[in-house]
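Please look at the sequence and the model before reading on.

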Amino acid sequence: MMRSNRSLSWLRRTRINAALLCLFFSPGWLFAQTGEAPSATQLSDSPSQQAVSPDTEAPKADADAAAEEGDAAAEANTTEAGERPRPQEEARRSYLGRVLAKPMSHLGAPWLIRPERDEEERASESFQQLKLTEGMVVCDLGCGNGYWTLPMARDVGAEGRVLAVDIQREMLQKLRERSARIKLNNIEPILGVVNDPRLPKAEVDLVLMVDVYHEFSHPESMLWSIRRSLNPEGVVALLEYREEDPSVPIKPLHKMSKSQIMKEYQANGFKLVREYNKLPWQHLMFFARDDSPLPEIEPVPAQQVLKDLE
Ligand SMILES: C[S@@+](CC[C@H](N)C(=O)[O-])C[C@H]1O[C@@H](n2cnc3c(N)ncnc32)[C@H](O)[C@@H]1O
């Protein structure tokens, strides 16, 4: 009861915000539609508490349906000789000492394209770090309503592809509506399941995961599938809110520490190959397969990053 009251009041707030802030004419919308970087004056050093993510979780019925489909997908997705074995994993509540968050419901989708997002998170700066070029095959995993997908599609161009994966049909529908408005034909929406993003094998140059990895109920299975999808020099670009910084106005379960990220990725056959430590709220870390020719680097400790940001 308390939860549904909270969801309802959040919903009312969202509707009012959406109307008042004219979402579709804001700088954040422009970034989401075209990927254009904001001017320096649009960047802010003082994060607003409004950024706290909406308290909505994906409906349980959807999650159960996705889990069932996931079982079928897991059986069909057999392991070949020389590969790491596919994990046999049940839905988890915690993983390697971290309590897992529940997926954000599609009812929270307006929050993802809030006008102030670019300014708060400096999303354009993160986007530039992806270094996308024409012809790349990229994946926006946990794409939501496509805040990142649309600029990715613009940058990889007509010769490239964006595989846009989400487990909520409603999110993919919202993505389709937003991408239709700007006539991009290189986006492939994929309805993933909780333990399988249904990506092609060894084809993907970059898998972007923004504010989603911490929601995976089957982290080992997802990392196994993601690793399998990468080409030898392909990378995962992981953006997660910084747990080490209490001033980041996001609920604790939706944040991750650098050391926890390292623990989970190294345990699943990945190595750190690049990182960008200048974002106000998030870690941006790039991982490759541990058998990739890309050289491994050591992470800069989070406390050092926070000191450097002061
Ligand atoms: C907080 S939203 C972030 C959306 C988008 N990345 C962004 O930054 O705007 C997380 C999204 O990840 C999706 N998600 C959660 N678990 C997933 C999984 N196992 N596979 C694919 N998508 C997943 C949720 O349905 C939700 O749409």
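Residues are numbered from 1 along each chain as its sequence is written.

The pLDDT is the predictor's confidence in each residue, from 0 to 100. Its average over the protein is 82, and 74% of the residues score at least 70. Helices (H or I, at least four residues) and strands (E, at least two) are DSSP runs, numbered from the N terminus.

Where pLDDT is low, the predicted coordinates should not be read in detail.

A residue is buried if 20 or more other C-beta atoms, placed from the backbone, lie within 10 Å of its own, exposed if 12 or fewer, and partly exposed in between. A nonpolar core is a set of buried Ala, Val, Leu, Ile, Met, Phe, Trp, Tyr and Cys residues joined through C-beta atoms within 7 Å. The largest such core has 57 residues, and V138, V207, L208, M209, V236 and F287 have the most contacts inside it.

V138 belongs to strand 3, where V137, C139 and L141 on one side and V138 and D140 on the other are all buried. In a regular strand the side chains alternate between the two faces of the sheet. Strand 3 runs parallel to strand 4 (residues 161-166), and five bridges join them; strands pair if DSSP finds at least two bridges between them. Within this pairing, L141 stands opposite V165.

Helix 9 (residues 219-229) is largely enclosed by the rest of the structure, because 11 of its 11 residues are buried.

G135 lies in the loop between helix 6 (123-129) and strand 3 (137-141). G135 is exposed, because 12 other C-beta atoms lie within 10 Å. D155 is 20 residues away from G135 in sequence, and their C-alpha atoms are 8.7 Å apart.

Finally, 24 residues surround the ligand (C-beta atom, placed from the backbone, within 6 Å). The closest are P103, G142, G144, Y147 and V210.

Notes: Predicted model: local features only at pLDDT ≥ 70, side-chain atom pairs only at ≥ 80, totals over all residues.
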